[in-house]
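Subject: Structure handover

Hello,

Here is the structure I said I would pass on. My notes follow below it.

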Amino acid sequence: MRIYVDHAASTPMFAEAKSAVEQQLSATGNPSSLHADGRQVKDRIDRAREQCSQAAGCLFGEFYFTSGGTESVVLALAGSALNSPNGRNRVLLGAADHHSVVESQAMLNKLGMQVQFVPANRDGSLDLNALESMIGDDVRLVSVLATNNETGAVTDVNQAAEIAHKSGALLLCDAVQAWPQVLPEADLIVVSAHKMGGPVGVGGLITQNGTKLEPLAAGGGQERELRGGTENAMGIVGFGAAAAEAALRADEISSVKRSAAEHFRDRLDGAAFTLDQASPAGIVHFRYPGISAESLLIRLDHEGVSASSGAACSSGSIEPSHVLMAAGLSEEEAAEGLRVSFGWCSTVGEAEKAAQIISSSAAQIRQV
Ligand SMILES: Cc1ncc(COP(=O)(O)O)c(C=O)c1O
């Protein structure tokens, strides 16, 4: 039996989400059609929007479906740059934000925005003092990552919102690793289904405080004219069912993740941890000084443990993680960083076994 400790990359679907997807799989009908088949699909999408907005604590009309976290980020960044009022042409992105944010710099430049990066603290959270000193009346948007996907560090999003709002800037919060536990006071909130028990390829963008965006895909009128294109009904109904389940079991799931992460940390020998305590999101980031993450991951895969060296999107690339570099690690240290992450179906037994295999694998590599 393999041990899967890479839930921050993608977590298994809840049974409820699977059965919602299966039910939709055999349905036919375009939700924009006026006939009964189309209306049935439209009703299911409405139900899913209700489930997602209730889980998030926002209004029904504030929740837009997209193809995932990455698209939601791009829609928020480009959509707000395109309708930026005169004189607001600066965007502040977190230096340790997800790739989808950080690598949007070139696109924002092409849209006439000047991009600056807000430094990170040693744990990968956003340096709010630096944000305070960088904010100004020419800032259109500030981006903040609620829970860092590599280190698990948490940023106080409400404090970031206060700083951004004082200068009339919008706050974009990437809550992909935090939702549905946290609904911050942000104007734009990014969520993704496959990180919390829903299917891959569907996500959401929540727009609060009356925030308006310029659509990137016009035509068709779907998603209240913000995102044209026939809806991914299968993904959406699966997302809705997963959101309802995750909200219902939020406390239980948090404690499952936390307890697995704590037991894992307690059993891991000889590692240096990035965070002092287990992250509420069940992410544990650590390194074995002198052992490259790549060599340890290869051995772990062979031993039946699926872990990660950081963001899933950058695995396989030899570039050092921009998150760890932003958090002040040297290139050499960054190349040693490993991430283990727990999810709704993790167990303490699995966490302890993973810690034991990782500790012994590191010891064996040292002996070679
Ligand atoms: C913090 C964060 N933001 C955004 C994304 C992108 O989400 P998706 O995979 O749905 O495009 C990820 C996925 O790794 C993530 O961890």
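Angles run from 0 to 180 degrees between N-to-C directions, with axes as lines fitted to C-alpha atoms, for helices over the stretch in contact. Two residues are in contact if their C-beta atoms, placed from the backbone, lie within 7 Å.

Two points on the source. This is a predicted model, in which local features need pLDDT of at least 70 and side-chain atom pairs count only at pLDDT 80 or more, while totals for chains, interfaces and linings use all residues. Residues are numbered from 1 along each chain as its sequence is written.

Sheets

Pairing here requires at least two bridges found by DSSP between two strands. Strands β7 (residues 188-192) and β8 (residues 203-207) run antiparallel and are joined by five bridges; valine 191 has glycine 204 in β8 as its bridge partner.

Two bridges pair β9 with β10 in the antiparallel sense, and alanine 272 stands opposite arginine 287 in β10.

Domains

The domain assignment, which is automatic or from a database, gives domain 1 (3-11 + 249-367) and domain 2 (15-248). Their C-alpha centres lie 26 Å apart. Contacts between the two involve 28 residues of domain 1 and 31 residues of domain 2. On the domain 1 side, α9 (250-267), β10 (283-287) and α11 (322-326) each supply at least two residues, and α11 gives the most, with four residues. By class, that side has 15 nonpolar, 11 polar and two charged residues. In this classification Ala, Val, Leu, Ile, Met, Phe, Trp, Tyr, Cys and Pro are nonpolar, Asp, Glu, Lys and Arg are charged, and the others, Gly among them, are polar.

Helix pair

Helices α2 (residues 36-56) and α8 (residues 233-248) have axes that come within 8 Å and cross at roughly 35 degrees. The crossing of α2 and α8 is left-handed, meaning that the near helix is turned anticlockwise from the far one by less than a right angle. Residues that meet there include Val41, Ile45 and Ala48 in α2, and Ile236, Val237 and Phe239 in α8. The contact of α2 with α8 has 14 nonpolar, three polar and two charged residues.

Ligand

The ligand is surrounded by 15 residues, of which Gly68, Gly69, Thr70, Asn149 and Ser192 are the closest. A residue counts as near if its C-beta atom, placed from the backbone, lies within 6 Å of the molecule. The shell divides into five nonpolar, nine polar and one charged residue, and domain 1 and domain 2 each give at least three residues to the shell.

Regards
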